[in-house]
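Me: I would like to learn how to read the features of a structure like this one. Could you take me through them in turn?

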Amino acid sequence: MGILEIKDATLRFGGVVALDHVSYEVQEGEIFSLIGPNGAGKTSMLNCISGLYKPSSGSIHFKGEDITRYKPHKRASLGIARAFQNIELFPHLSVLDNLMLGRHVRMKTGLLAGGFYWGKAQREEIEHRKKVEQVIDFLEIEDIRNTPVGTLSYGLQKRVETGRALALEPEILLLDEPMAGMNSEEKEDMARYIIDIHEEMQTTIILIEHDMGVVMDLSDHIAVLDFGKLIGYGTPEEIQNNPKVIEAYLGEENAV
Amino acid sequence: MRNPFVMDCGEFHVNYKQDMAIWKISRVRMRVFILLAIFAVFPMFVSDYIIGLATLCGIAAIGAIGLNILTGFTGQISIGVGAFLGVGGYTSAILTAKVGLSFWIAMPTAGIVTAIVGGLFGLPSLRLKGLYLAIATLAAQVIILFVISRWDALTGGTAGMVLSRPELGSFVFYSERSYYYLMFVVLIITAIFTLNLFRSRVGRAFIAVRDRDVAAEVMGIDLFKYKVLAFIVSSFFVGIAGALLGHYTMVVSPELYSITVSIEYLAIILVGGLGSVFGSIYGAVFITLLPVVLRSGVEMLSGVFPDLSAVLIGMKEVVFGLVIILFLIYEPQGLAKIWKNIKDYFKLWPFSY
C-alpha cells in the first residue's frame, strides 16, 4: 500500500473534464513525477491532493485515511506540504517569518500566550526558530534570512518557497515546477536540493516538471497525464518506451 | 569580560532570545524607555487642556491599534468601528450605572462583549472580501446604531446615558491627570500585547491571511478561524477604547458613534500606517490634533483678517480630506514609514553612500 492513493479521481469544471478517472499510487519514500503536456491536469491533480479542489468523484487516501473531504489546512497538519508553480510567498514578511509560518501546524501557542509572550510561548518560538535555522542552513539562504521575500530574485524566491514547505517537516512534499524559469545552473542547484531532501529526510516527493532530463534522472516512478487521462505509469525506462506517451509528446508519426 | 580599552563595533546577538526581542539593540531600548518616561512625567508640567487632548489621543490610539489588527495586519476592511466603540461604551455604561458593577469589571467586560459582537459580524468574512466585506461591516454599523437608539429601556434611546468616572478605593479618577495615567497604562498594555502577538504564531497567521490566503490555507492556517479571531481581538481593543472614552466624556449617546467616527478611525490607520502598532499611535495623535491645530491657526489669523474664521469654518473637512489624499498619494504606508525613512537617513548620515 502506498503512502498516497488516488482512486478513480475525476474533476469537472462545468463541461470541462480536468481529470478523468485517474488512479495511481505513490510509494513511501520515493520521488514521484507527474508529467504531461500543458493543460493536461497536472496542477489540478496537485490541487486535489493539497485540498484546494475537491474531486467530483473518486477518492484520495493518505496513509490509508480517506482525506478526500478534508480542508487544505487539515491536510497540512497531516503532513502534506506544497510549493506553488507561481510563487505564493508572503511578500511583506522576511524569509525567517515565511519559514516560521511553515511551522504553523507544528506549533501550539494561542492568542493570549502569544500576546503575553511569557515562558512557554517564548520557549516554543525559540525551539522552532532552531528548526527553521536548520532549513535555512540546508538551503544556504543564511544571508537573506531577514530580507523581505518580495525583494528577492525569482530563483531565491523559489528556493524560499521550497524551504517554507520543508519547514513543515512534511511526509509528502508537493513541488509544482520548482525549476520553471531557471537557468541551467539554478536548475542544477534545485535538483541537488531535491535529492538531498529525499536522502536526508526520507521525504516522499511528488514533482511536476517539464525538464525531461531532470524528471528521468530523479524519479522512481512517473505518471503521465494527457487531457486529464492517465496515459502512462511506470519507471523512467518504461515511460521512455511507452508508445502512448511518445505519441502525446511528439504527435503521431504519420501526422506530419 | 568586556575589555574597557576596546571599542564596540556593533551589537551581536549570541542566542535566539536576543535576536527575537522586540527592540533588539540596547540603544533603541534605551530610547523607548526615555520616551515612556517623558510621556509619564509630562502631565506634571502642562495645563489640563493639553492633558485632556493627550488622553483623547491615547484612547483613539487604543481603538486604532484594535482596528489595525483587523484591517492593517489581517487585511479585512471594517467600517463598523464607530458602532463597536459604541458597544464598548454602552456595555460599560449599563454595567456601571444600571447593574452597579465597578469600572474595573465593567471595562474588561465591555471588551469581551464587543469582541463577541465583532466576532459575530466577522462571520461573513470567510465568503466576502475587500469592498464586499466593507459593506457587510457597514451593515454592522447601521444595525448596532439602530438597536442602540431604539432600545430605550436598556440604552436610554437617543438621549443617551450618563457615566461616572472610575473609582479605586476612595480615589476617584476625576482629574484630567489621573485619567491620563489610567489611559497610559491601558495603552502600554495594548501596544505591548499587539507587538508580542505579531512576533508569535497567531499574529504571523493573521499576516499570512492578509498577504496570500491560498498559501496560508495550504500551510495549515484555518482561514475561517483566523479571520473571525482577528475580528474578535480587534473588537476587544475597540471595546476597551469605547469604555475608556465613555467614562472620560461621562456620556454616551448614539450620535457619538456615527459612521463619521468609523471613517475617522480608518483615516487614523491610513495616515499612521497600515500594519504598524506605532503607526496607529502616530495616526491617532495626528488626526485628533489636526482640527485643534487648524482651529487655533485660524484664531491666530483672525486678529489680522477678522472675516477669516467665517470663511474657513467649513475648511476643516476640506483640509482633513486633503491630508488623507496626500498621504494616499505620497506615502501610502503612512507616518510610520516616514519616521522609518528619517531614521534610515540618519543611520548613515552624513556619509549616505
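Reply: Start with pairing: two strands pair if DSSP finds at least two bridges between them. Keep in mind that this is a predicted model.

Me: Which residue stands opposite His61(A) in β5(A)?
Reply: Asp66(A) is the residue opposite His61(A). The strands concerned, β4(A) and β5(A), pair in the antiparallel sense over 2 bridges. They form a hairpin with 2 residues between them, and Lys63(A) in the turn has a positive phi of about 50°.

Me: How many bridges join β1(A) to strand β2 of chain A?
Reply: In general, strands of a sheet pair through backbone hydrogen bonds, either parallel or antiparallel. Here β1(A) and β2 (residues 16-26) of chain A run antiparallel, joined by 7 bridges. One of the facing pairs is Phe13(A) with Val16(A) in β2(A). This is a hairpin too, with 2 residues between the strands and a positive phi of about 60° at Gly14(A) in the turn.

Me: To which other strand of chain A is β1 joined, and in which sense, parallel or antiparallel?
Reply: Strand β1 (residues 4-13) of chain A is joined to β4 (residues 57-62) of chain A by 5 bridges, and the two run antiparallel. Ile6(A) has Ile60(A) as its bridge partner in β4(A), and Lys7(A) stands opposite Ser59(A) in β4(A). As a general point, side chains in a regular strand alternate between the two faces of the sheet.

Me: What is the strand order in the open sheet of 6 strands?
Reply: The order is β6-β7-β8-β3-β9-β10 (chain A), and the pairing is mixed. β6 (80-83) and β10 (229-234) of chain A are the edge strands; each has a single partner strand, so one side of each lacks a neighbour in the sheet. From one strand to the next the twist averages 15°. Within the sheet, β3 (residues 31-35) and β8 (residues 204-208) of chain A run parallel and are joined by 4 bridges. Phe32(A) faces Ile206(A) in β8(A).

Me: Which helix lies across β6 and β7 of chain A?
Reply: Helix α6 (residues 154-167) of chain A does, running at about 175° to β6(A). The angle is taken between N-to-C directions on a scale from 0 to 180 degrees.

Me: Which domains does the domain assignment give for chain A?
Reply: The assignment gives domain 1 (1-79 + 170-256) and domain 2 (88-168). Their centres, taken over C-alpha atoms, are separated by 27 Å. In the contact between them, 11 residues of domain 1 of chain A meet 9 residues of domain 2 of chain A. On the domain 1 side, α2, β7 and α7 (184-201) of chain A each supply at least two residues, and α7(A) gives the most, with 3 residues. That side divides into 8 nonpolar, 2 polar and 1 charged.

Me: How many residues of chain A are in contact with chain B?
Reply: 33 residues of chain A are in contact with 26 residues of chain B. On the chain A side, α2, α3 (95-102), α4 (111-116) and α5 (119-139) each supply at least two residues. The largest share, 5 residues, comes from α5(A). By type, the chain A side has 16 nonpolar, 10 polar and 7 charged residues.

Me: How many residues of helix α9 of chain B are buried?
Reply: In α9 (residues 201-211) of chain B, 11 of its 11 residues are buried. Among them are Arg201(B), Phe206(B) and Asp211(B). The cover includes α3 and α4 of chain A, together with α3 (48-73), α8 (176-197), α10 (213-218) and α11 (223-249) of chain B.

Definitions and conventions: Residues are numbered from 1 along each chain as its sequence is written. Chains are lettered from A and ligands numbered from 1 in the order in which they are written. This is a predicted model: local features need pLDDT of at least 70, side-chain atom pairs count only at pLDDT 80 or more; totals for chains, interfaces and linings use all residues. Two residues are in contact if their C-beta atoms, placed from the backbone, lie within 7 Å. Domain bounds come from an automatic or database domain assignment. Ala, Val, Leu, Ile, Met, Phe, Trp, Tyr, Cys and Pro count as nonpolar, Asp, Glu, Lys and Arg as charged, and the others, Gly among them, as polar. A residue is buried if 20 or more other C-beta atoms lie within 10 Å of its own, exposed if 12 or fewer, and partly exposed in between; C-beta atoms are placed from the backbone.
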